[in-house]
Structures are given as structure tokens and as C-alpha cells.
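Work through the exercises below with the sequence and the structure open. Each task is followed by its solution in steps.

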2 protein chains.
Amino acid sequence: MKMSDRKKKILQIVVDEYINTAVPVSSKSIAEKHLTDVSSATVRNELASLEELGYLTQFHTSGGRVPSPQAYRFYIEELMQKGNLSDSDLDYIDRAFADKSHDVEHLIKSVSEVISELTDYTSVAIGPHADAETVRRLSLLPCGDGRALLVIMTSERILRDSFIEIPENMTDEDLDSASRMIGKLFAGKPLSEIRETGEAAIAEFGQYRQVMREVVDALKSYARPREEDVVLTGADKIFNHPEYEDIGNVKNFLTVLSSKDKLADIIEGENDEIQINVKIGSSGDKDVPDDCSVVTATYSAGGKNLGTYGVIGPIRMDYPKVIAVLENVGKALEELAKSRKKEKDKCDHEQEGK
Amino acid sequence: MKMSDRKKKILQIVVDEYINTAVPVSSKSIAEKHLTDVSSATVRNELASLEELGYLTQFHTSGGRVPSPQAYRFYIEELMQKGNLSDSDLDYIDRAFADKSHDVEHLIKSVSEVISELTDYTSVAIGPHADAETVRRLSLLPCGDGRALLVIMTSERILRDSFIEIPENMTDEDLDSASRMIGKLFAGKPLSEIRETGEAAIAEFGQYRQVMREVVDALKSYARPREEDVVLTGADKIFNHPEYEDIGNVKNFLTVLSSKDKLADIIEGENDEIQINVKIGSSGDKDVPDDCSVVTATYSAGGKNLGTYGVIGPIRMDYPKVIAVLENVGKALEELAKSRKKEKDKCDHEQEGK
DNA sequence: TGTTAGCACTTAAAGGTGGAGAGTGCTAAC
DNA sequence: GTTAGCACTCTCCACCTTTAAGTGCTAACA
């Protein structure tokens with residue numbers, strides 16, 4: 001059976017209507033409100049046929065139709081009318097990023113908050129992979145209890161959460177010179193490369209071999225997003241959506257949210273290439289609950305990854321709005337990255353001139 | 001009306017029973033299971049009198065009795081039989097703290113997890129106030145973008161989350177010497193004192209006055225527990241308790257949990273002196289929801305505050321178990337603090353000998 | 001005076017009934 | 001291909017009845 005234009009139109013109406021009202025859509029309401037040139041009986045025939053094609057389901061014979069996951073996918077690909085944000089929403093985004101300090105961590109948090117606030121869904125954000133950033137400076141600060149704090153300044157931020165063990169007989173001065181040597185060796189290289197080639201370098205690193213090994217080991221923890229890099233905002237937003245009036249669904253949902261590790265998997269997925277990625281229901285992804293959709297966007301500017309941000313909520317999600325928000329936040333982030341780059345370049349230039 | 005021994009006994013039975021079953025307690029069940037020497041009619045008389053005294057309430061005439069907040073308070077003060085933990089619970093605690101690294105942050109997280117796991121309630125933990133700790137070492141690491149990372153080693157841990165702005169014309173060497181000077185000045189002093197007297201010191205700090213001001217300002221943020229110092233574990237545990245089958249209650253509960261700032265207020269309160277503190281219902285505390293109890297313990301060893309830990313859940317809480325867990329975790333923490341102190345002393349001694 | 005048996009009373013919860021309303025599927029006519 | 005008409009199905013709600021649980025009260029008892 002072919003998808004006639006009228007079928008598409010009706011399917012679009014059903015999805016739009018259901019997204020807005022959460023009430024199964026009837027043939028009568030379609031004929032009255034949207035397709036005034038045909039009767040409800042005609043619509044009924046089309047609905048029956050759409051159901052046969054797998055786009056619609058009914059809970060019971062007299063209950064109107066509800067879109068299937070397949071329908072949402074089709075809707076997003078072909079039918080959806082891109083939403084425009086209201087002026088006040090656009091304003092909100094602008095203001096949120098206007099006076100942000102330079103911190104990547106804070107920025108990620110802000111992005112997550114903005115997305116959750118504007119979409120009214122739970123938002124998840126993962127910052128850029130430190131992995132791809134290059135080392136600018138590396139310091140080892142003695143802690144006095146056999147450990148040292150490893151602080152790495154990368155091209156994008158400061159990593160300061162790793163501790164390494166240091167040999168008992170090592171003095172602060174030793175540590176300092178080890179720190180300089182290692183810093184010099186790694187400067188300009190991306191973390192990922194250090195992790196891979198680091199092993200080989202350890203052998204040649206006579207005196208401070210053990211410290212070197214600890215540093216390389218510590219870098220391994222940056223291969224995956226760390227717990228503190230996964231930001232969750234607006235978990236309580238689910239209560240604003242009628243599908244979560246059922247306690248079982250709430251429980252299910254919150255259980256997924258409680259493991260940041262799983263969340264990271266859900267959000268990151270394999271969306272390196274696509275800009276916006278939509279997972280509806282359990283599209284084979286074991287970690288996404290059956291009754292949830294996940295919409296994510298991976299941002300980048302000038303070849304640089306700016307992180308992955310998204311929304312998790314019921315399948316009946318306001319996709320036009322969510323996608324519009326993600327796109328506009330993306331634009332704002334790009335702008336920000338650009339203006340920062342300019343600033344940095346200017347700054348670097350000045351330093352050279354000195 | 002006086003509280004006869006029998007009344008007390010009956011009240012205790014009602015509370016115990018209700019805690020365990022969550023079902024209103026009837027006169028018949030009491031007479032049959034616990035007070036076999038009197039009839040249900042006698043128990044009924046006593047129950048009516050306890051109700052008059054404000055200890056019991058009924059939802060409807062044929063519904064059995066339920067303890068009032070007042071009854072729980074009386075129960076905890078006078079009636080409760082202290083619970084003993086099972087061997088496996090005790091084991092669990094021991095194992096959890098056996099091989100913990102030195103990190104205060106990790107320890108707090110572990111404590112919170114252990115408490116939530118053993119009690120089956122949502123647990124909140126706030127680490128010791130950095131505020132009271134003394135400075136051992138202070139470093140300013142240049143970040144290269146007009147900022148510096150302020151790393152402070154205190155007697156207990158490493159604080160590494162503050163950034164300060166530095167003057168444009170300041171070189172890395174300048175920063176380093178400023179760092180040394182400020183470090184020397186503050187060494188051995190508690191953060192709280194620096195915060196208070198710091199203002200005065202700024203004036204005398206000629207050349208590096210601006211940096212000094214930034215440092216003193218940054219320290220102010222340690223006066224209150226920071227967001228990352230408030231650890232929440234097992235939010236989903238509430239689903240294991242029947243009072244949270246009602247979606248409204250869940251919403252209410254989760255809303256409170258979503259603000260770490262409010263949580264900190266709830267947990268910390270004014271329990272500096274008491275070891276274990278129980279708030280039942282809204283005991284005047286505006287932030288605690290009416291239908292919630294909060295049990296907290298503030299630990300200390302050798303005069304040193306080890307943090308405040310607790311449990312938040314329904315008023316019908318298993319107080320004997322919760323209190324037993326908090327007590328035993330407290331003991332374990334004390335042990336840990338002691339053995340660490342020994343280690344540290346030994347370590348310091350060796351260093352002196354060198 | 002405290003305790004008890006007995007009984008009437010109250011209430012929630014569960015189950016059944018019937019009508020109203022919504023929506024469909026089908027058929028026959030256009 | 002479209003439509004009007006109608007029988008059919010199903011939910012929802014209001015109402016009722018029954019059942020079980022538990023109480024309060026009273027009168028008798030030790």
C-alpha cells in the first residue's frame with residue numbers, strides 16, 4: 001500500500017494532535033478541525049489503512065488512534081514542521097550564555113539547565129571529551145601523604161581530579177622536576193595519544209619511571225566521561241507529563257537516571273556524525289527504556305567537539321520544540337566558541353608580541 | 001490522664017507494628033498477638049484513651065489506629081528497643097571502609113551509599129566543613145587565560161575548585177612568588193580565620209594586593225557546604241515504601257531533593273551538640289516536608305568534625321534500624337579516623353627524623 | 001473498679017449494573 | 001472515491017449492594 005499525500009497529512013495531524021493533547025485522536029475531530037473538506041467516514045477509512053501499515057494503534061475499539069514509534073520516526077523524518085522559538089525563549093538562551101565565565105564545567109551545567117527549562121523535559125549533558133584535547137601544561141602538586149595532585153591544563157580546560165601515588169623517598173623538588181620533564185614531553189599532544197604511546201615512553205624515563213607510569217595510568221580515566229562530567233537537570237520535570245502519572249513509569253524512569261554511567265552510554269551512542277539524533281522507544285538500545293525517547297545533539301565548532309546535550313522523556317515528546325531548542329542552543333554555543341577563539345587568538349598574539 | 005505502663009506497652013506495640021506493616025493496627029490484633037492476657041475490648045479502651053492523649057489517630061471509624069508524630073517522638077525517647085545489626089550488615093560496613101583511599105570525597109560518598117543500602121532509605125551526606133580545617137599548603141597555578149587555579153591543601157584534604165582572576169601583566173613567575181608569599185602567610189591557620197582576618201591582611205600586601213583579594217574572596221565560598229559536598233544516594237529507594245505509591249508524595253519528595261542547597265539546610269540544622277537528631281514531620285522546620293522524617297548524625301573524632309550523615313524518608317520510618325546503622329557507621333568512621341591519625345603521626349615523625 | 005462479651009454501628013473496599021458517550025467498522029447509496 | 005447511517009464495542013461514571021474489618025457502647029461480671 002502506498003502513502004498517499006492525504007494519508008501523510010492525516011498522519012501528521014494525528015501525531016501533532018496527540019503530542020499536544022495526550023488524548024487518542026478520533027476521526028471526527030480530524031474531519032472537523034483539520035480536514036473540513038471530507039467526512040469523518042473518509043478519515044476513518046484512511047486511519048484504518050494507516051493502522052494496517054503499522055503507523056497507528058488503538059487501545060480499544062472505541063478509543064481513537066495513537067501514533068506508534070514507527071509513526072514518530074516517519075513524522076520526524078518527513079512530516080514535522082520545524083518549530084520556531086518564541087522571542088522570549090530566544091532571549092532566554094541569549095541571556096543564559098551572555099555572562100558565563102570561562103569554565104567548561106559551568107557552561108555544561110548552564111546548557112543543561114537551559115534545555116530542561118525551555119523544553120520542560122529532563123535534560124542530560126555530557127561535556128566535550130577531554131580525550132581529544134591537547135596538553136598545554138602539566139603540574140604535579142605534592143599532597144604530603146604519599147600522593148600528588150595531577151593538574152593538567154588542556155587547550156580547553158583544567159583537569160584537576162586525579163591523584164597519583166608517589167614513591168616514598170621522593171622530595172618535593174624531585175616531584176617538581178619530574179613534573180617539568182613530563183610536562184615538556186607531553187606538551188602539545190592530545191590526551192588520547194599520550195595514553196596510547198605513553199606506555200612506550202615510560203621505559204625511557206629512567207629516574208621518574210614510576211611517577212610517569214602513574215600519570216599515564218591516571219590519563220586512562222579520561223577515556224570515558226567521568227561521573228562528574230554527566231550533568232542531569234530537571235528530573236522532576238517528568239511530573240509535568242501525564243504518562244508519568246503512573247508510579248511504575250516514574251520508577252522505571254528514575255532508575256535509569258540513577259546510573260550516570262548508563263546515562264552516558266545512552267546519550268553518547270554513535271552519533272559522531274549526525275548533528276541531531278533521535279531514539280524512539282527501545283530502538284535496539286538496551287539501556288533506553290521502552291517507553292522513552294532520547295533526543296541528543298552533538299555540537300562542534302571549528303572541528304572542536306563542544307559536548308553532547310539532550311533530552312530524555314516520554315515517546316510522546318514535543319519533537320518540534322525539542323529540536324528547535326537544541327538547534328538554537330547549538331547556534332548560541334557556536335557563537336560563544338567563535339568569540340572565545342577570537343579572544344584567545346588576540347591574547348596569544350599579544351603574548352607573542354611581548 | 002497518666003500514661004500507665006500498659007498504655008506505654010500498647011503504644012509501643014502499635015508503633016512497632018505499624019512501622020513493620022504500614023497497616024493501621026487494630027485492637028484485636030494487639031490482644032491476639034501481643035497482649036494475650038487481656039481481651040480486645042480492654043485494648044480498645046486503652047486505645048481510645050491514647051487517642052485522646054494525642055498519640056494515635058484513625059483515618060475512619062473502622063480503620064484501626066495509626067501513630068501520630070507525637071507518638072513517634074515518645075517512642076524514640078522512651079519506648080524503642082535499640083536494634084542490633086545483623087552480622088552481615090556489620091560485615092558490610094567493615095568491608096565498605098576497609099580499603100578506602102584517603103580521599104575525603106570518596107569516603108563521604110561511601111558513607112552515603114552504605115547508609116542508603118543498609119537502611120533502604122534515601123541518604124544524604126555532607127562532608128566535614130572545610131571551614132574549620134587549617135591550611136597546610138597553598139598553590140596558585142597559572143591557567144593561561146587570565147585566571148589561576150587555587151589549590152589549597154588543608155589538614156584533611158585538597159580543595160581544588162576555585163579559580164581566581166589575575167592581573168593581565170602578571171607573569172607566571174610573579175604568580176609563583178605571590179603564591180609562596182600568601183602560602184607562607186596562611187600556613188597553619190584555619191580557613192574561617194583567614195576569611196575573617198584576611199581583609200585586613202590585604203591592605204598590607206603591597207604588590208600582590210589584587211591576587212590576595214581574590215584568594216580571600218575565593219575562600220568565602222567555603223563558608224557554606226558547596227553543591228558538590230552534598231551527596232545524595234538512593235533517591236529511588238522511596239519506591240520501596242508504600243507511602244510513595246501516591247504520585248503526589250513522590251513529587252513532593254523529589255522536589256525537596258532537587259535543591260542541594262535546601263538539603264544542606266535540612267541535614268545540617270542545629271545539631272552541633274546532639275549526636276543523633278530526629279526530625280519528625282514538620283517540626284517547625286520549613287524545609288522539611290510535612291510527611292517526612294529526617295534522622296541525622298554528626299560524627300566527630302578527636303575533636304574533629306567528620307561530617308553529617310543521615311536519612312530522609314516517610315514518617316513511618318524504621319527508627320531502630322536507622323539509628324543502629326547510623327551508630328555503627330559512626331563507630332566505623334571513628335576507628336578509621338583513629339587509625340589514620342596514627343599513620344599520619346608516624347609519617348610526620350619519620351619526616352622529622354629525616 | 002477494672003475487665004469482658006455482645007452487639008449495633010460505621011466505613012472502606014470490592015463487585016455488579018445500567019446508561020451515556022465516544023468512536024469505530026461496515027454497508028449501501030451517491 | 002466519498003458519504004450517510006447505523007449497529008456494535010468499549011470506557012467511564014454513578015449508583016447500589018455486599019462483605020469484612022474495626023470500633024464504641026452497654027450491661028454483666030469478678
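**Exercise 1: contacts to the DNA**

Find how protein atoms approach the phosphate oxygens of DNA strand D.

Step 1. A polar side-chain atom of Thr42(A) is 2.5 Å from a phosphate oxygen of DNA strand D; a polar contact is a pair of N or O atoms within 3.5 Å.

Step 2. In the side chain of Arg65(B), an N or O atom is 3.0 Å from a phosphate oxygen of DNA strand D.

Step 3. In total, 20 residues surround DNA strand D, counted as near when a heavy atom lies within 4 Å.

The model is predicted: local features need pLDDT of at least 70 and side-chain atom pairs 80 or more, while totals for chains, interfaces and linings use all residues. Residues are numbered from 1 along each chain as written, chains are lettered from A and ligands numbered from 1 in written order, and side-chain values use heavy atoms, without hydrogens and water.

**Exercise 2: a helix length**

Check the length of helix α6 (residues 104-119) of chain A.

Step 1. Helices are DSSP runs (H or I, at least four residues), numbered from the N terminus.

Step 2. The expected span is 1.5 Å times one less than the number of residues, so the 16 residues of α6(A) should span 22 Å.

Step 3. The end C-alpha atoms are 22 Å apart, which agrees.

Step 4. Just after α6(A), Asp120(A) has a positive phi of about 70 degrees.

Terms used. Helices (H or I, at least four residues) and strands (E, at least two) are DSSP runs, numbered from the N terminus. A polar contact is a pair of N or O atoms within 3.5 Å; within protein, one must be able to donate a hydrogen and the other to accept it, and residues adjacent in sequence count only if both atoms are side-chain atoms.
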